[in-house]
Amino acid sequence: MRIVAADRAEVDRLVDLGVDLAEYNKQLDNGIEVHAVLSPAESDALRAMGFNVQDKILDQTDYAENIAERNEAIQVAQAAAAAQDTLTVLRAEWFTSLDGNRFLSFEVKSSAVDAATVITASWDTGVNTAPGSGGTATLSRFTDAGQYMYHRFTNPLPLTAATPDRVVFTSNKGGTVKASVTQWLGKKNPEPSESYVSDFVDHYMDPTEIMARLTALHQEFPKITQLIDLPNKTNGYRRKAQAQFGTVAQSTFYVTSKAWGHEGGNDITMSLVNQGGNNLPLDVLVSGKNVVVSLATNGSGAVTSTAAQVVNAINNKPEAAALLKADLYRGNAGTGVVATAGSTKLTDYLKAPASVSRDPFQNKVLRIGRAKDGTRTGVFIYCQEHAREWVTPITCLETAERLLRNYAQDTKTQNLVNGLDIFIMPVVNPDGAHYSMYDYNSQRRNMTNHCAASASDPGNRNGWGVDLNRNFTVGTVFDGYNGASTSCTSDTFAGPAMLSEPEAKNEVWLVNEFPNIKFAMNTHSYGGYFMWPPGAYKTAGREVLPRVDLGTENYFWDASSKILSAVQSWRGTAIWPGRTGPVTDVLYSAAGNSADEHWYKRGIIGWDFEVGADIYNKATGRYTAVGFQPAFAEGHEEAMEFSSGQIAILDVAKKFGADKSAPTSELLVKAKDAGLTKFTFKVNEAANIYYTLDGSTPTTSSLKLASAGYREGAEQITIHAKTTVKWFAVDIAGNAEAVQVRELNVPKS
């Protein structure tokens with residue numbers, strides 16, 4: 001209320017009376033205006049005491065109006081926030097793994113992509129149960145190459161209550177969405193016949209053993225196999241012999257034999273000697289394969305020869321240069337005086353037994369099939385591009401054994417072998433695999449040294465070689481894609497050029513030589529992944545190789561259910577939904593990989609396995625990684641379950657070859673509003689939809705239904721006027737349905 005006091009003394013009297021005065025004081029011609037918070041009764045009492053209590057400034061009516069206005073503003077803001085933060089459910093699934101443990105896996109995409117977005121999931125305990133009765137958890141924000149992808153559980157969440165039916169996702173930005181929780185995997189594959197046999201590996205095998213087994217299988221089953229010699233022999237499990245010399249404090253130079261170690265390099269010896277006199281010159285003497293460097297001395301008999309002088313002396317002595325080459329150590333200037341050294345034998349450092357040949361390796365592919373004339377759908381199954389992945393070659397070998405040893409008595413196996421053209425390459429990288437097993441178990445690459453002298457000393461011998469799965473021609477590091485290196489000592493070294501390596505050339509030769517190959521499976525380890533192209537992107541802007549079209553993407557997903565259920569059937573291992581999908585979405589960028597090579601260059605539908613899924617420990621609630629070379633008991637189980645997956649891929653390919661039926665599709669109206677209609681299409685199998693909106697007859701050059709985004713399903717098409725929609729579907733096998741027509745109206749604005 002407004003009060004006009006006659007003077008300051010009257011204001012003080014109001015204070016003494018305990019009147020709730022506001023911090024307001026205004027001088028008037030007739031007094032001082034102050035404001036007080038008063039009830040109607042208090043106002044009347046002050047007036048009775050002679051105070052000039054005037055009109056109100058604000059009362060409860062104004063308060064009510066303010067609160068109403070505030071609530072309306074909040075509702076508008078929340079609606080705007082919800083409109084700005086649309087949540088799209090990508091996947092909401094539960095699954096079992098190994099000992100029957102159940103897990104939840106959720107993926108939700110927010111349209112509000114900033115880092116402050118928090119998404120919470122609440123799920124029930126079955127049909128018609130309370131939301132949140134099963135539990136509540138916050139999802140993690142997943143980014144890649146600096147870009148937001150979606151929210152998810154970093155690891156599948158152990159499920160402790162009953163299996164949920166519905167889940168509600170809520171964002172702190174106001175978005176909310178509900179979804180059904182469906183089962184991932186668990187599809188029952190036909191049980192093998194009682195006579196079906198499996199389990200043909202009992203230890204980790206080196207490439208020499210693997211090739212011997214392939215040869216023996218061909219000899220045992222000559223009518224349904226062919227053993228193909230690949231045209232490019234590898235460099236071989238071999239190295240030049242080396243020795244390193246230096247001062248007391250550091251290495252300063254090294255020597256490398258001209259001959260391979262096993263061809264005489266390992267027989268060379270070299271000595272650095274003090275001649276035992278004063279003012280003697282540097283000299284190099286050669287006797288057979290013994291090289292003696294007589295070091296120069298000064299007037300007091302002390303050695304004065306520097307590393308640079310010794311290197312020059314060796315390389316300029318014809319007899320010595322015929323045996324070996326000397327180089328300074330890693331860019332060392334060579335100014336240090338070298339230390340004497342007794343007779344030092346050069347060595348190639350290789351430890352494999354004599355049963356492992358040191359010559360260039362003749363790699364082979366086992367072709368399995370009743371008809372080998374190119375008329376059957378071809379499937380290329382290949383393993384061990386990376387040397388240290390010891391489980392993968394025995395996985396491929398197990399698959400070959402199952403196909404051949406069950407052919408006589410198992411109808412399903414007969415159908416696969418008779419109806420397909422199967423190419424199995426257990427070891428892509430034989431040289432690196434031998435090196436991994438006998439010399440350096442972490443070897444990933446082949447054994448070819450492309451380094452200059454500054455990186456070719458023996459201390460770098462575990463750092464040489466090319467990552468064969470980075471040596472192909474699509475999405476390469478040479479084109480600016482991420483996930484490979486041009487450093488010769490990097491574990492992801494792409495080589496000096498695309499297809500520089502014979503091992504990569506062999507893969508390309510095979511798929512070119514047999515154009516009936518329509519499917520491929522590249523098996524790696526470890527982590528438990530099931531992936532497909534695209535496999536590379538440029539980090540700047542996360543520019544991904546062209547994504548497969550919607551029909552092919554759906555084909556990959558449909559096939560994954562069958563293939564991964566087959567993996568699960570062996571001992572219950574479930575490959576997580578979050579580790580299933582395009583390589584770039586679920587793993588990382590792998591520039592120049594073979595799956596991209598085969599898909600983008602030849603249209604070969606290619607998958608990648610990463611065997612060795614993490615194992616969940618129920619007692620600790622933690623996941624344990626199995627590593628590249630687990631104890632064989634675990635490695636054996638991985639080989640068995642993923643061999644089952646490879647067999648399932650053959651079944652997918654067989655159905656592809658036999659598919660002669662056209663797909664069927666329908667148009668689905670998703671939303672109508674003033675001035676617009678939204679629609680999409682539904683197909684009874686994985687297929688592409690081609691459509692027109694102008695009344696013309698569609699062809700495969702017309703508009704093609706696209707994905708709404710990665711892992712999001714089909715886009716919705718918006719029209720703003722009455723439209724004649726014409727469309728047809730084409731499945732992955734090339735079967736096309738007849739053109740369909742539908743008139744769509746749009747509500748008036």
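My entries on the backbone and on a helix pair follow.

I worked from a predicted model, where local features need pLDDT of at least 70, side-chain atom pairs count only at pLDDT 80 or more, and totals for chains, interfaces and linings use all residues. Residues are numbered from 1 along each chain as its sequence is written, and side-chain values use heavy atoms, with hydrogens and water left out.

**Helix pair.** I looked up α8 (residues 411-419) and α14 (residues 632-658), which pack at about 60 degrees with axes 10 Å apart. Axes here are lines fitted to C-alpha atoms over the stretch in contact, and angles run from 0 to 180 degrees between N-to-C directions. Helices are DSSP runs (H or I, at least four residues), strands likewise (E, at least two), numbered from the N terminus. I then noted who touches whom (heavy atoms within 4.5 Å): Lys412, Asn415, Leu416 and Gly419 of α8 meet Ile647, Leu650, Asp651 and Lys654 of α14.

**Cis bonds.** I found a cis peptide bond from Ser525 to Tyr526, omega near 10 degrees; Tyr526 sits in strand β26 (residues 517-527). Pro533 and Pro534 are also joined by a cis bond, with omega about 5 degrees, and Pro534 belongs to the loop between β27 (529-532) and β28 (537-538).

**Positive phi.** I checked Leu98, a non-glycine with phi near 50 degrees, in the loop between β5 (87-97) and β6 (101-110). Asn279, not a glycine either, has a positive phi of about 55 degrees and lies in the loop between β18 (269-274) and β19 (283-287).
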